Amino acid sequence: MRILILGGDGFCGWPTTLYLAERGHEVAIVDNLARRAWDVELGANSLVPIAPIHERVATWHDLTGQSIGLHLGDLQDYAFVAQVFSTFKPEAIVHYAEQRSAPYSMIDRQHAVFTQVNNVVGTLNVLYAMKDVVPDAHLIKLGTMGEYGTPNIDIEEGYIEIDHNGRKDTLPFPKLPGSFYHASKVHDSTNMHLAGRIWGLRSTDLHQGVVYNVQSDETNRDQRLWNRYDYDGVFGTALNRFCSQAALGHPLTVHGAGGQTRGFIDIRDTVRCIELAALNPAERGEMRVYNQFTEQWSVQQLADRVQTVASTLGMETTIDHVANPRVEKEEHYYNAKHTRLVELGLQPHLLTDDTIRDLLVAARDYRDRIITDQIAAKVQWK
Ligand code: NAD
Ligand code: USQ
């Protein structure tokens, strides 16, 4: 299959590109390298060193003989998007290319506006390019479990049947996003659903949980293929962050009570889910939704597990309940369905002590690269 990976230089996009190339698909990356620029803006870095994109692609070619296409440009530039779609003619488009940090979107008005413009306009341009150039292609778009928020009812996979005043309908599940970033994903979902209804476009909206772990079988083949490991207070996410904190002898920073429960997924399952979505395209006019995570954990449970495994490596850590910089429920009901990808064949990598150990060891090996000033989560929601 000809698959275009928008955001293919990023944390999820790079291992996905290699996974799909390894399986014989013709792949090309679109990226404007904004993620690398945000590190420069914030003064942050990846815990493990990552090669420049040209070196990554050249290394894969040297090792496998396979060419990965590379188109450097911004999804906000419609002429660029239309030109790439016209030359590559993708059958599937995997769309990761957004500003994905909730804290980044909450820094100030400018960052909130940037996040929503970047994400919503980028996705709208993709929808128009599909309509104009490849109307039969399948969009596989990364959404987030955070679109649903934490309602006091079970979360369905995308849609809910509602019986109201004697009439019934199946409608998009209600959304309660918790940041301007998460809200941008809700806006994208609305636009994708509309594009299906009016133009008959096919899309799959993957409501992904928090991704943990870093390397995949393919990125592990050569240091120049390594994936990024975010640990900082803006882009670092719960489990990976806790492992880097433990390796540094820094307390694990549980926000508030720690009962915040989220869906989690190993990066090795992220890439497989994308392949499953590509192999099972939505019908014309359909926006299919899968909840893309494999297990639910509270942040307290994750911190406890990291602390236990860290102690087996001689890393003595404490858990700090820091004042929560976010506005979110710290104790709540959470039960989200996630069966559809398993029905398609996903065999989850559930969180093991070995995975936590690998993350701890990687962080310990590269602890000299950690910029300690970047560890604390300083962005306040209020
Ligand atoms: P990332 O920031 O590492 O990668 C995103 C990539 O998109 C970057 O390489 C960036 O340069 C590129 N990009 C951003 N805006 C662009 C634009 N306008 N034009 C071209 N390229 C652009 O993020 P990630 O962690 O790989 O996340 C990928 C997607 O998955 C995001 O949409 C995110 O919302 C979603 N997601 C991520 C997680 C997670 O835990 N990482 C969880 C759920 C959903
Ligand atoms: N948290 C802590 N301590 C920390 C960091 C985070 O307690 O040091 C808590 C947060 O307060 C939150 C939870 O952990 O309750 C998750 O935070 P996170 O930073 O790990 O993840 P989040 O901001 O939700 O965003 C990440 C990705 C985003 C994706 C989302 C999936 O950055 O792109 O959309 O996970 S989900 O959470 O399902 O919405």
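A residue counts as buried when its relative accessible area is under 20%, so W381, at 14% relative accessibility, falls on the buried side. Keep that cut-off in mind as you look around this predicted model.

**Around ligand 1**
- Ligand 1 has 27 residues around it, and those that come nearest are C12, D31, N118, Y181 and K185.
- N118 places a polar side-chain atom 2.7 Å from a nitrogen atom of the ligand.
- R35 takes part through its backbone: an N or O atom there lies 3.0 Å from an oxygen atom of ligand 1.
- V211 also has a backbone N or O atom 3.0 Å from an oxygen atom of the ligand.

**Cysteines**
- How many disulfides does the structure hold? The number is 0.
- A disulfide is a covalent bond between the sulfur atoms of two cysteines.
- For C12, the closest cysteine sulfur belongs to C273 and is 11 Å away, which is too far for a bond because a disulfide needs the two sulfur atoms within 2.5 Å.
- Seen from C273, the closest cysteine sulfur is that of C12, again at 11 Å and too far for a bond.
- Both cysteines count as buried: C12 has 13% relative accessibility, and C273 has 1%.

**The sheet β9-β11-β13**
- Three strands form an open sheet in the order β9-β11-β13, and their pairing is mixed.
- At the edges are β9 (210–212) and β13 (295–298), each of which pairs on one side only.
- On average, neighbouring strands of this sheet are turned by 45 degrees against each other, direction ignored.
- Strands of a sheet pair through backbone hydrogen bonds, either parallel or antiparallel.
- The pairing of β11 (residues 261–266) with β13 is antiparallel and runs over 4 bridges.
- Within the sheet, G263 stands opposite Q296 of β13.
- Helix α9 (residues 267–279) lies across β9 and β11, and it runs at about 75 degrees to β11.

**H138**
- You will find H138 in strand β5, which covers residues 138–144.
- Is H138 buried or exposed? With 3% relative accessibility, H138 counts as buried.
- Setting aside neighbours within four places in sequence, H138 is in contact with a set of residues that includes E91, A92, I93, M130, R202, S203 and T204.
- Among its other contacts are A277, A278, N280, P281 and A282.

**W381**
- W381 sits in the segment after α12 (353–365).
- Not counting residues up to four places away in sequence, W381 touches A102, P103, M106, G178, S179, P325, R326 and V327.

**K378**
- K378 also belongs to the segment after α12.
- At 51% relative accessibility, K378 counts as exposed, because the threshold for that class is over 50%.
- A polar atom of the K378 side chain lies 2.9 Å from the backbone oxygen of D373.
- K378 and V234 are 144 residues apart in sequence, while their C-alpha atoms are 8.0 Å apart in space.

Conventions
Residues are numbered from 1 along each chain as its sequence is written. Chains are lettered from A and ligands numbered from 1 in the order in which they are written. This is a predicted model: local features need pLDDT of at least 70, side-chain atom pairs count only at pLDDT 80 or more; totals for chains, interfaces and linings use all residues. Side-chain values use heavy atoms; hydrogens and water are left out. Buried means under 20% relative accessible area, exposed over 50%, partly exposed in between (1.4 Å probe, protein chains only). Two strands pair if DSSP finds at least two bridges between them. Helices (H or I, at least four residues) and strands (E, at least two) are DSSP runs, numbered from the N terminus. Axes are lines fitted to C-alpha atoms, for helices over the stretch in contact, and angles run from 0 to 180 degrees between N-to-C directions. Contact means heavy atoms within 4.5 Å. A residue is near a molecule or strand if one of its heavy atoms lies within 4 Å of it. A polar contact is a pair of N or O atoms within 3.5 Å; within protein, one must be able to donate a hydrogen and the other to accept it, and residues adjacent in sequence count only if both atoms are side-chain atoms.
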